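Subject: Structure handover

Hello,

Here is the structure I promised to pass on. My notes on what was found in it follow below.

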Amino acid sequence: MTTTPQLRLTQPIDADPAAVWAVLTDIGAAASTLSGVDSVEVLTEGPYAVGTTWRETRSVLGMRATEEMEVIEADEPRSTVVVARSGDVLYRTQFRLEPTERGTDLTMTFGAAMPERHGLRRYLGAALSSLGLRAAQKAMEKDLQDIAIAAARR
């Protein structure tokens, strides 16, 4: 398996970590909180925890994509890790919440792992990966802004 370069973005939020955590982990409200999410179907019952799964549909680069997401780590209200598999690619997103004097710094780290590619597939994969990373960065920036707005309203 090879890993793509990781994206790491931090958003200062004028809300305490508990309020940010509440927004971040309210999966049922994600489609109304995150402007980049078209719909969400929660697949498990109960509070946000390891094992929570849902299907999330987004429009990316003019295409709709639905991925099944799963929480693999949850340390309230400090951090959580969510993974999604698309074919033979594993996507991993980590959120870290750090208290600050004015509220919370929310850091999102995103990366992917995929099988080693060879020949033409390797070069095509690199080109598509670069395009995908730019699209992912824009989506991450918007998600973080949307979370900041929702948490500051609480």
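Tyrosine 91 has a relative accessible area of 30%, so this residue is partly exposed. Please keep in mind that the model is predicted. Phenylalanine 110, at 16%, falls under the 20% limit and is therefore buried. Tyrosine 91 and phenylalanine 110 form a stacked aromatic pair, with 5.8 Å from centre to centre and 10° between the planes. Tyrosine 91 belongs to strand β7 and phenylalanine 110 to strand β8, and the two are 19 residues apart.

How many aromatic pairs does a search of the whole structure find? There are two. Tryptophan 21 and tyrosine 48 make an edge-to-face pair, 5.9 Å centre to centre and with 85° between the planes. Since tryptophan 21 sits in helix α1 and tyrosine 48 in the loop between β3 and β4, this pair ties together parts that are 27 residues apart in sequence. Tryptophan 21 counts as buried because its relative accessibility is 6%, and tyrosine 48 counts as buried at 17%.

Next, the strands. β2 and β8 run antiparallel and are joined by seven bridges. Phenylalanine 110 in β8 stands opposite leucine 7. Leu7 is part of the covered face of β2, together with Leu9, Gln11 and Ile13, while Arg8, Thr10 and Pro12 make up the uncovered face.

Strand β8 covers residues 104-114 and includes threonine 104. Is threonine 104 buried or exposed? Its relative accessibility is 0%, so threonine 104 counts as buried. A polar atom of its side chain lies 2.7 Å from the backbone oxygen of alanine 15. Among the residues that threonine 104 touches are Gln11, Ile13, Asp16, Val20 and Leu97.

Helix α1 spans residues 17-24 and is mostly covered, with six of its eight residues buried. Those six are Pro17, Ala19, Val20, Trp21, Val23 and Leu24. Valine 20 has contacts with Ile13, Ala15, Leu97, Thr104, Leu106, Ile147 and Ala151, leaving aside residues up to four places away in sequence.

In soluble globular proteins, nonpolar side chains tend to be buried together. Here the largest nonpolar core has 32 residues, and Ile13, Val20, Leu106 and Ile147 touch the most other members. Two or more residues each come from β2, α1, β5, β6, β7, β8 and α3. Which element gives the largest share of this core? That is α3, with eight residues.

Regards

Methods: Residues numbered from 1 in each chain as written. Predicted model: local features only at pLDDT ≥ 70, side-chain atom pairs only at ≥ 80, totals over all residues. Heavy atoms only, no water. Helix = DSSP H or I, 4+ residues; strand = E, 2+ residues; numbered from the N terminus. Buried < 20%, exposed > 50% of the residue type's maximum accessible area, 1.4 Å probe, protein only. Polar contact = N/O pair within 3.5 Å; in protein donor to acceptor, adjacent residues only side chain to side chain. Contact = heavy atoms within 4.5 Å. Core = buried A, V, L, I, M, F, W, Y, C linked by side-chain atoms within 4.5 Å. Pairing = 2+ DSSP bridges. Phe/Tyr/Trp six-rings, centres within 6.5 Å; stacked < 30°, edge-to-face > 60°.
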